[in-house]
Amino acid sequence: MISPDQDLPHALVRKRMEEMLAACRDANRRPSVLAFARSLGMSNTTFRRRYPDLVQEISTH
């Protein structure tokens with residue numbers, strides 16, 4: 001897990017999110033905020049607190 005004082009660059013997280021969304025579209029699966037947070041090595045709570053805009057985008061798909 002990422003330590004509480006360590007942030008990933010927003011641009012990197014957004015790029016990985018776009019890749020995840022494309023993979024979900026290709027596989028005809030719903031994207032998961034929890035699965036994405038874990039793929040970044042973050043807890044769901046930490047991801048939601050640090051990237052609320054991205055959580056909203058993932059949730060709308």
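Guide: A term to begin with: a salt bridge is a side-chain nitrogen of Lys or Arg within 4 Å of a carboxyl oxygen of Asp or Glu.

Visitor: How many salt bridges does the structure hold?
Guide: A search of the whole structure finds 4 salt bridges. This is a predicted model, where local features need pLDDT of at least 70 and side-chain atom pairs count only at pLDDT 80 or more, while totals for chains, interfaces and linings use all residues. Residues are numbered from 1 along each chain as its sequence is written, and side-chain values use heavy atoms, with hydrogens and water left out.

Visitor: Which residue forms a salt bridge with E57?
Guide: R14 does, and the closest N and O atoms are 2.7 Å apart. This pair links distant parts of the chain, with R14 in helix α1 and E57 in helix α4, 43 residues apart. Helices here are DSSP runs (H or I, at least four residues), numbered from the N terminus.

Visitor: What else does R14 pair with?
Guide: R14 also forms a salt bridge with E18, where the closest N and O atoms are 3.8 Å apart. R14 and E18 are 4 residues apart in helix α1, so about one helical turn separates them.

Visitor: Why does a gap of four matter in a helix?
Guide: An α-helix has 3.6 residues a turn, so residues three or four places apart point the same way.

Visitor: Which residues are linked in the network of salt bridges?
Guide: The network links R14, E18, D53 and E57.

Visitor: And what does K15 pair with?
Guide: K15 forms a salt bridge with E19, with the closest N and O atoms 2.8 Å apart. K15 and E19 are both in helix α1, 4 residues apart, so they too are about one helical turn from each other.

Visitor: Is K15 buried or exposed?
Guide: K15 is exposed, because its relative accessible area is 52%. The cut-offs are under 20% relative accessible area for buried, over 50% for exposed, and partly exposed in between (1.4 Å probe, protein chains only). E19 counts as partly exposed at 43%. R14 is partly exposed at 26%, and E57 is partly exposed at 25%.

Visitor: Different topic. Which residues of helix α4 are buried?
Guide: In helix α4 (residues 52-60), the buried residues are L54, V55 and I58. Seen down the axis of α4, they fall within an arc of 105 degrees, so they line one face of the helix. The arc is that of the directions from the helix axis to the C-beta atoms.

Visitor: What do those buried residues pack against?
Guide: The buried residues of α4 pack against α1 (10-27), α2 (33-39) and α3 (44-50). Contact means heavy atoms within 4.5 Å.

Visitor: What about the nonpolar core, which residues touch the most other members?
Guide: The largest nonpolar core has 16 residues, and V13, M17, M20, F36, F47, Y51 and I58 touch the most other members. Its largest share, 5 residues, comes from α1. A nonpolar core is a set of buried Ala, Val, Leu, Ile, Met, Phe, Trp, Tyr and Cys residues joined through side-chain atoms within 4.5 Å.

Visitor: What does F36 touch?
Guide: Not counting residues up to four places away in sequence, F36 touches V13, R16, M17, M20, F47 and I58.

Visitor: How many aromatic pairs are there?
Guide: The structure holds 2 aromatic pairs. F36 and F47 form an edge-to-face pair, 5.5 Å centre to centre with 85 degrees between the planes. F36 is in helix α2 and F47 in helix α3, 11 residues apart. F47 and Y51 form a tilted pair, 5.4 Å centre to centre with 35 degrees between the planes. Rings of Phe, Tyr and Trp (its six-membered ring) pair if their centres lie within 6.5 Å; planes under 30 degrees apart count as stacked, over 60 as edge-to-face and the rest as tilted.

Visitor: Are F47 and Y51 buried or exposed?
Guide: Both F47 and Y51 are buried. Ring pairs link F36, F47 and Y51 into a cluster.

Visitor: Last one: where is H61?
Guide: H61 is in the segment after α4. H61 counts as partly exposed, because its relative accessibility is 46%. Leaving aside neighbours within four places in sequence, H61 is in contact with L21 and P31.

Note on methods: Helices (H or I, at least four residues) and strands (E, at least two) are DSSP runs, numbered from the N terminus.
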